[in-house]
Amino acid sequence: MQQIRQPAGGPASPRTEALMRLITETQDRNTHNVLEIVSKRTGWKPTKSHEGVQLLTKEFKQQSAIGLLARFRIADCSKEAVLAALLNPEVQLDTTTIHELTRYQTPHRPIAIQWVAMKVPMIDDRDFCLAQQRVDLHDGSIILSCVSVEHPLTPQAASGHVRAKLLVGGWHIKPISDTECGISWVSVCDLCLNVPHMFLSLGAAERNKTALRMVQRVRHFTQIARQEMETSQVR
């Protein structure tokens with residue numbers, strides 16, 4: 001996984017302010033959608049359970065859209081340790097590349113604009129322009145919201161890649177106790193394929209394996225983040 005940061009500079013122009021409003025509105029809708037999926041799971045069907053991880057899928061009207069929901073718990077951690085793990089570039093699989101293009105300040109939390117490229121089994125690789133933001137909810141939980149947006153700094157689709165759309169995406173981190181968190185990972189992705197929907201089911205097993213590997217890495221890096229936090233408190 002690679003990450004490159006380019007800081008935004010200078011005062012915001014009217015055009016930039018309009019863009020920021022549009023991105024903020026998109027983030028707000030995405031946060032609502034993530035919370036709705038996590039809390040209700042309407043229409044989501046369990047497909048696999050493995051080592052405390054439950055995977056669910058859902059079909060959508062978009063012909064090439066895929067819905068994946070992973071639910072699991074991590075013990076001996078705080079919500080901040082989980083969030084630190086999710087924001088750690090090393091948590092991403094080796095098949096994913098992230099370039100941070102710019103970052104906007106908002107009245108609440110900054111929004112990062114990212115170009116993301118990833119390898120997808122059986123089809124051409126995909127890339128995305130994403131907005132990512134931490135959202136703190138009233139019940140003490142956190143959503144790390146991530147959704148597709150349009151942005152002028154986004155490069156054209158790389159050679160061998162097709163621009164896809166993350167329609168709904170993010171992580172929901174909810175403390176269950178002082179030392180345990182329940183975590184949900186939501187991804188509703190339009191791969192922009194002009195093929196019958198049943199073609200997408202051929203890659204379901206590989207997508208499940210990828211999701212389980214991602215959960216393993218989140219668990220691993222959460223424990224690293226917890227240890228680092230404990231060490232810093234001792235100092």
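**A guided tour of the predicted model**

Begin by colouring the protein by pLDDT and selecting two elements: helix α3 (residues 197-201), which has the lowest mean pLDDT among the elements, at 65, and strand β7 (residues 142-148), which has the highest, at 98. The model is predicted, and its mean pLDDT is 88, with 91% of the residues reaching 70 or more.

Next, select residues 1-8, where the pLDDT is below 50. In the model this stretch has 25 contacts beyond near neighbours in sequence.

A hairpin of 6 residues joins β4 to β5. To see where the pairing can be followed residue by residue, select Y104, whose bridge partner in β5 is I111.

The remaining stops concern the backbone. Most residues other than glycine have a negative phi. Select D76, in the loop between β3 (65-75) and α2 (79-87). D76 is not a glycine, yet its phi is positive, at about 55°.

Finally, select C192, in the loop between β10 (180-190) and α3. C192 is likewise a residue other than glycine with a positive phi, near 55°.

Note on methods: Residues numbered from 1 in each chain as written. Predicted model: local features only at pLDDT ≥ 70, side-chain atom pairs only at ≥ 80, totals over all residues. Heavy atoms only, no water. pLDDT = per-residue confidence, 0-100. Helix = DSSP H or I, 4+ residues; strand = E, 2+ residues; numbered from the N terminus. Contact = heavy atoms within 4.5 Å. Pairing = 2+ DSSP bridges.
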